[in-house]
Amino acid sequence: MSGSPAFPPSELMRAEKRNAAGNSVLAAIVITVLKMVVGFSTGSLGILSEAAHSGLDLIASLLTFFSVGVSDKPADADHQYGHGKIENFSAFVETGLLLLTCAWIVYEAATRLFFRHIDIEPSPAAFAVMLFSMGIDWWRSRALGRIANKYESQALEADALHFSTDIWSAGVVILGLVLVLLGRAYHLEWLRDADPVAALFVAGVVVSVSWRLARRTVDALLDAAPPGVRSQIYDAVSHVDGVLEVDRVRIRRAGNRYFADLAVGLARTVTFQRSGQLAAAVTESVRRILPNADVTVQPLPRAQRTENIFDRIRAVATHNNLNVHDISVQDLAGRLHVEQHIELDERMTLKQAHDQVTELEADMRRDVPEIADILTHIESEPATIETPEELVGDAELEHRLRAVAAQFPEILDVHEFIFKRVRGRLYLSCHCTLSDSLTLARVHEIQTELEIRFKQDAPELYRVLIHPEPSTDNRR
């Protein structure tokens, strides 16, 4: 077993990012001081430009150190999307500092090339410092790049990019110093300008890196979507079973976190629970493209082309947060007459229930103009849990009811008779075995007729519930 302490994933990420940024600050301090000392002692513009570059890298490293400490804080009342944008802003500031460095380097190089010649004195210390800085920059860029890729940190990535280019720019400065020494040894006057030319090359490298970084940081600050990601998400969500259309896809980035906002069309007849399941499926499809993204899905009700008259009636009821059942539609001389059942809270008064049904019927006539007439049967929907007073055992009554069921040729058997007395009324439930091939319409007819016959033979029955079973699944 490892002896290291266990950290939650978020705390481990924060610790690793701050550790990498802190080491970068310490290394930048050492390199900047050494380059400044050697640059002033030799008079090399190449080394001084590198010192200025490293000095701004130090400022950038400090910005990164503080930004990674703030960016991973959780969202709060004032920053609902978290604090990740601070990393993007830090990278943007670093870019501005690099461009200021380039402006100074270009100005000083042009002055030395055309107006004021300065003799430089390359020394072993200059070469040693530059080689040492190249080694440190190589170590820093690898360490920062590894953590930046691991946690998708743009601020650490900016630091890593700076230090990787420092290796090449330091190499160019060394080359400039070598050319100056060769010019003196072989009396080649034109090589005396190798040092400012090397400084200009350093500036060119920095401008190139800064431009690429600037585009990425500005895109993040302006909420530009990553290239191609929107179309990938659109295609993936379109293939989620149950999604009719993708109306909107919006993506933004804050630090190492992506936020995706989608509006998708769903059949207007789906239940609220099914809508939640589809939203979860859409979220999963987005996270396959943007892992750990914060996804918001807005379902939009849509009418399907395949909807029939029954679907349209149910859709209107669903829109009113109501459920209708036992819908019957008759075509009388080209005029549609609808009959339906609806269950409303048993605690409602008749006036309240009638007003709600009247409003529902008006909505149905407006949305389904083919309907000429609607008749709604109002039923009470239980709102309380009932406690049976007793379980009643009545062998004689059960025998009589079995004899009634035997008069139906399609009923194979009846079983599991349970008699309960609730609020002084007798309740009956039983199981009824029928042929596998019967249609649901016919099964419902048999159940209804059997319920009527049971109540005719035993008027004391208040409620009868019959559960149909296919003959291949007769669980007696």
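**A loop glutamate and its surroundings**

Tutor: The side chains of E307 and R268 are joined by a polar contact of 3.0 Å; a polar contact is a pair of N or O atoms within 3.5 Å, where within protein one atom must be able to donate a hydrogen and the other to accept it, and residues adjacent in sequence count only if both atoms are side-chain atoms. The model is predicted, so local features need pLDDT of at least 70 and side-chain atom pairs count only at pLDDT 80 or more, while totals for chains, interfaces and linings use all residues. Residues are numbered from 1 along each chain as its sequence is written, and side-chain values use heavy atoms, with hydrogens and water left out.

E307 sits in the loop between β3 (294-302) and α9 (309-319); helices (H or I, at least four residues) and strands (E, at least two) are DSSP runs, numbered from the N terminus. With a relative accessible area of 15%, E307 is buried (buried is under 20% relative accessible area, exposed over 50%, partly exposed in between, with a 1.4 Å probe and protein chains only). Not counting residues up to four places away in sequence, E307 touches R268, T269, R302 and R312, where contact means heavy atoms within 4.5 Å. T269 is 38 residues from E307 along the chain, and their C-alpha atoms are separated by 9.6 Å.

Within α9, the buried residues include I309, I313, A315, V316 and A317. Their cover includes β4 (324-332), β5 (335-345), α10 (350-367) and β6. Just after α9, N321 takes a positive phi of about 60°.

β6 (residues 371-381) also holds T376, which counts as buried at 13% relative accessibility. The T376 side chain makes polar contacts with the side chains of Q340 (3.1 Å) and E361 (2.7 Å). Leaving aside neighbours within four places in sequence, T376 is in contact with Q340, I342, V357 and E361.

D261 is another buried residue, at 19% relative accessibility, and its place is in strand β2 (residues 257-267). Its side chain makes a polar contact of 2.6 Å with the side chain of R250 and one of 3.4 Å with that of R248. Not counting residues up to four places away in sequence, D261 touches R248, V249, R250 and T296.

Buried residues make up 41% of its 476 residues. Among contacts between residues at least 6 apart in sequence, 70% join residues at least 24 apart.

One helix pair can also be described. In α11, R400, L401, V404 and A405 meet L450, R453, F454 and D457 in α12. By class, this contact has 5 nonpolar, no polar and 3 charged residues (Ala, Val, Leu, Ile, Met, Phe, Trp, Tyr, Cys and Pro count as nonpolar, Asp, Glu, Lys and Arg as charged, and the others, Gly among them, as polar).
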